[in-house]
Amino acid sequence: MKLKEISYIHSEAYASGELKHGTISLIEPGTLVIALGTYKALFDKAMSNVVEVKARGAEVLAITTESMRERMEKIADDTIAVPDIHPILQPSLGVIPLQLFAYYVALQRGCDIDKPRNLAKSVTVE
């Protein structure tokens, strides 16, 4: 969502298990796929999806952990590794590269990162 908000590039997030439910039909040569492979219990399923989208010509940027980096680097085009920490905290650490990616894409596009168009801060006070 942050990529959409500040760079005005259409993007969608899908759970790995949803890839074969129509989403894969959107993949064509040159499509950027950002794959998250930070949860050890589901890493092999994430890798399977990376193989599927690569076979259809996608460019894959993978975010993974240091312990799984080597396996991901064999398939993905580019890999960003975050440190291994307790599984409960892993999502919080994994989101940092995603936020930075959105920021730098918007910056490269010349977008006003601090004031995205058509968005307003809302505060609900009861």
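This is a predicted model: local features need pLDDT of at least 70, side-chain atom pairs count only at pLDDT 80 or more; totals for chains, interfaces and linings use all residues.
Contact here means heavy atoms within 4.5 Å. Residues are numbered from 1 along each chain as its sequence is written, and side-chain values use heavy atoms, with hydrogens and water left out.

**Stop 1: the whole chain**

Keep everything selected and show the C-alpha trace, which spans about 45 × 35 × 30 Å along its principal axes. Switch to a cartoon and you will find four helices and three strands. Helices (H or I, at least four residues) and strands (E, at least two) are DSSP runs, numbered from the N terminus. Following the sequence, you pass through the pattern α-β-α-β-α-β-α. Of the 126 residues, 32% count as buried; buried means under 20% relative accessible area, exposed over 50%, and partly exposed in between (1.4 Å probe, protein chains only).

**Stop 2: the loop between H1 and E1**

Select tyrosine 8, which sits in the loop between H1 and E1. Its phi is near 60 degrees, a positive value in a residue other than glycine. Most residues other than glycine have a negative phi. Tyrosine 8 is partly exposed, with a relative accessible area of 25%.

Now move to threonine 23, in the loop between H1 and E1. Is threonine 23 buried or exposed? With a relative accessible area of 12%, threonine 23 is buried. Leave out residues up to four places away in sequence, and threonine 23 touches Tyr14 and Glu18.

**Stop 3: helix H2**

Select residues 43-55 for helix H2. This helix has 13 residues and reaches 18 Å from its first C-alpha to its last, close to the 18 Å expected at 1.5 Å a residue; the expected span is 1.5 Å times one less than the number of residues. Colour Phe43, Ala46, Met47, Asn49, Val50 and Val53, which are the buried residues to look for in H2. They lie on the same side of H2 because they cover an arc of only 160 degrees around the axis, where the arc is that of the directions from the helix axis to the C-beta atoms. Turn to the other side of H2 to find Asp44, Lys45 and Ala55 exposed.

What do the buried residues of H2 pack against? Their partners are E1, strand E2 (59-65) and helix H3 (69-73).

**Stop 4: threonine 79 in strand E3**

Strand E3 covers residues 78-82, and threonine 79 is in it. Threonine 79 counts as buried, at 17% relative accessibility. Leaving aside neighbours within four places in sequence, threonine 79 is in contact with Leu61, Ala62, Thr64, Arg69, Met72 and Glu73.

**Stop 5: helix H4**

Next, select residues 90-108 for helix H4. H4 has 19 residues and reaches 28 Å from its first C-alpha to its last, close to the 27 Å expected at 1.5 Å a residue. Highlight Gln90, Gly94, Pro97, Ala102, Val105 and Ala106, which are buried in H4. Among the elements covering the buried residues of H4 are H1, E2 and E3. After H4 comes glycine 110, with a positive phi near 80 degrees.

**Stop 6: the pockets**

Finish with the open spaces. On a 1 Å grid over the protein atoms alone, a pocket is an open set of points where a 1.4 Å probe fits, with protein on both sides within 12 Å along at least five of seven lines; lining residues have an atom within 4 Å of a point. Grid points are joined across faces, edges and corners, and a volume is the space filled by probe spheres set on the points.

The largest pocket has a volume of about 1400 Å³. Of its 39 lining residues, Glu12, Ala13, Tyr14, Val33 and Ile34 lie nearest its centre, so select these to find the place. Helix H1 (2-7), strand E1 (32-37), H2 and H4 each give two or more residues to this lining. By class, the lining has 23 nonpolar, twelve polar and four charged residues. Ala, Val, Leu, Ile, Met, Phe, Trp, Tyr, Cys and Pro count as nonpolar, Asp, Glu, Lys and Arg as charged, and the others, Gly among them, as polar.

For the second largest pocket, with a volume of about 180 Å³, select Leu36, Thr38, Tyr39, Pro87, Gln90, Pro91, Gly94, Val95 and Leu98. H4 gives the largest share of this lining, five residues.
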